[in-house]
Amino acid sequence: MFSFFKRFKSGGNKAAETSAASTESTAAESAQSLDAPESLHSPIDGAAAQAGIAPAQPAAPAPASPPQPVAPAIAPVSAPAAAQAPAAPAIAPRSPLSPVENVEPSEPAKGHVPTLVVPAQSAPSLAPQIAPERSGSAGSVESVESVESVESAESVESVESTELVESVESAESAESAESAEPTAPPPPVVVKDVHGDAIGEIVAAPAPAPAAKRSWLSRLKAGLSKTSAGLTGIFIGVKVDDNLFEELEDALLMSDAGVEATAFLIGALRKKVKAERLTEGEQVKRALHDLLVELLKPLEQSLVLGREAPLVVMIAGVNGAGKTTSIGKLAKHFQHYGQSVLLAAGDTFRAAAREQLAIWGERNNVAVVSQENGDPAAVVFDAVNAARARKIDIVMADTAGRLPTQLHLMEELKKIKRVLGKAAEGAPHEVLLVIDANTGQNALTQVKAFDDALQLTGLIVTKLDGTAKGGILAAIARQRPVPVYFIGVGEKVEDLQPFSAREFADALLG
């Protein structure tokens with residue numbers, strides 16, 4: 001995942017001002033919500049407030065006019081009966097189903113139009129008082145009129161109740177729609193200097209759209225489907241005994257998890273099954289899922305952008321791991337977050353390496369610094385100086401592929417790193433190793449060798465969509481926990497995404 005470093009203009013004072021302003025804003029909003037009447041807070045407004053969306057302001061009320069009496073919805077009566085009956089009340093008593101509970105009928109809430117609700121049990125009280133009958137015909141007419149008024153009141157209550165139910169259902173649907181939205185990003189993390197003064201904050205990047213996230217998860221599951229089928233098939237209709245643990249141990253070893261990581265997971269799983277008294281295969285699979293997430297969680301870290309100008313990123317790896325392609329994909333991701341990028345073609349050994357990087361530069365509209373048959377250290381030095389002059393945000397330096405057993409080539413990598421340190425203070429700020437997930441346990445050997453030589457800050461794991469088992473990440477987490485910034489499951493730009501321990505475990509174990 002990505003994060004951004006935002007430097008304060010005035011150090012700690014800026015942080016204090018920001019905190020004070022936030023406190024005052026929160027207090028003002030709380031006071032305003034307390035002063036507002038309850039009738040103005042509908043379920044839809046509550047859902048919108050939880051999602052951080054300001055509710056629409058009601059229109060300005062029209063000038064007040066003398067209150068007009070509201071006639072009850074009852075059937076008209078005959079002229080003689082109307083002459084003898086007193087005037088009906090202006091506003092009927094409110095039904096228990098009315099959305100406004102604590103507002104008096106004579107004083108409607110501001111901006112709220114009172115609704116006339118006539119319950120069935122109170123309908124006879126709303127009818128005009130009928131004089132004692134003087135003849136049989138008159139009494140029958142008045143009885144018919146009374147029945148008609150009760151039926152009319154019941155119909156009004158039915159309509160009002162239906163409208164209220166529909167409004168509640170619409171509010172519930174709105175709340176469910178709001179809850180389906182992606183969760184809010186974590187709060188900013190304040191960064192302090194050696195003196196304890198706040199110099200900036202780290203802000204998480206916006207979450208991807210739900211459709212894009214679902215597409216990525218489906219591709220990740222497809223890439224790890226072979227390993228997933230071998231692991232999940234063990235738990236179907238199985239008895240929880242020693243045979244299950246033996247089969248699970250074999251499956252983990254076959255998935256490139258390694259001996260140490262496999263022994264750790266099996267041992268922790270046995271303890272968890274015994275402590276929680278798990279008796280079904282599905283429960284054991286869920287327990288293994290949680291243990292795998294816990295093991296991989298330290299590898300899940302954010303790449304912080306904007307903390308240096310320019311931010312120098314050095315890319316290393318063996319031949320054919322996908323360094324140049326990963327650089328092109330990363331450049332597109334950085335541009336998506338508003339970062340300007342410059343590429344340094346430090347691979348002066350491989351044929352057509354400069355041309356391949358130049359093609360990626362043309363696709364992303366990014367400048368490429370290169371020299372024909374030049375010293376790779378000189379190329380990256382010129383690239384950093386050019387980025388500083390052009391005010392570029394990020395410089396990515398490509399290097400030639402090499403095996404960790406080639407000591408003279410590893411010494412050349414150390415030289416490139418030293419030269420970058422002279423070109424910019426603290427450079428390279430990120431040293432990333434690109435590893436091919438298809439190489440299995442050999443990838444762990446590469447991580448150890450390059451980490452000893454360059455002090456790696458992150459990994460990029462590619463080609464998980466091939467014959468890769470995916471268990472290599474568990475081996476790395478157990479023996480050399482270098483953060484995994486990105487994983488790749490295809491050739492497209494969107495096939496390289498930030499690593500998430502839970503998403504990876506879900507793809508393996510469901």
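This is a predicted model: local features need pLDDT of at least 70, side-chain atom pairs count only at pLDDT 80 or more; totals for chains, interfaces and linings use all residues.

- Eight strands make up an open sheet with mixed pairing, in the order S7-S6-S8-S5-S9-S10-S11-S12.
- At the edges you'll find S7 (367-369) and S12 (496-498); each has a single partner strand, so one side of each has no neighbour in the sheet.
- On average, neighbouring strands of this sheet are turned by 25 degrees against each other, ignoring direction.
- Zoom in on S10 (residues 458-462) and S11 (residues 484-488): they run parallel and are joined by three bridges.
- Val 461 has Ile 487 in S11 as its bridge partner.

- As background, most peptide bonds are trans, and most residues other than glycine have a negative phi.
- Going from Ala 309 to Pro 310, the peptide bond is cis, with omega near 0 degrees; Pro 310 sits in the loop between S4 (303-305) and S5 (311-317).
- Ala 427 and Pro 428 are also joined by a cis peptide bond, with omega about -10 degrees; look for Pro 428 in the loop between H14 (407-423) and S9 (430-436).
- Arg 277 has a positive phi, near 55 degrees, and lies in the loop between H9 (259-276) and H10 (281-296).
- Lys 391 has a positive phi too, near 60 degrees, in the loop between H13 (376-390) and S8 (394-398).

**Buried or exposed?**
- Arg 277 counts as exposed because its relative accessibility is 74%, and exposed means over 50%.
- Lys 391, at 71% relative accessibility, counts as exposed as well.

Technical notes:
Residues are numbered from 1 along each chain as its sequence is written. Side-chain values use heavy atoms; hydrogens and water are left out. Two strands pair if DSSP finds at least two bridges between them. Helices (H or I, at least four residues) and strands (E, at least two) are DSSP runs, numbered from the N terminus. Axes are lines fitted to C-alpha atoms, for helices over the stretch in contact, and angles run from 0 to 180 degrees between N-to-C directions. Buried means under 20% relative accessible area, exposed over 50%, partly exposed in between (1.4 Å probe, protein chains only).
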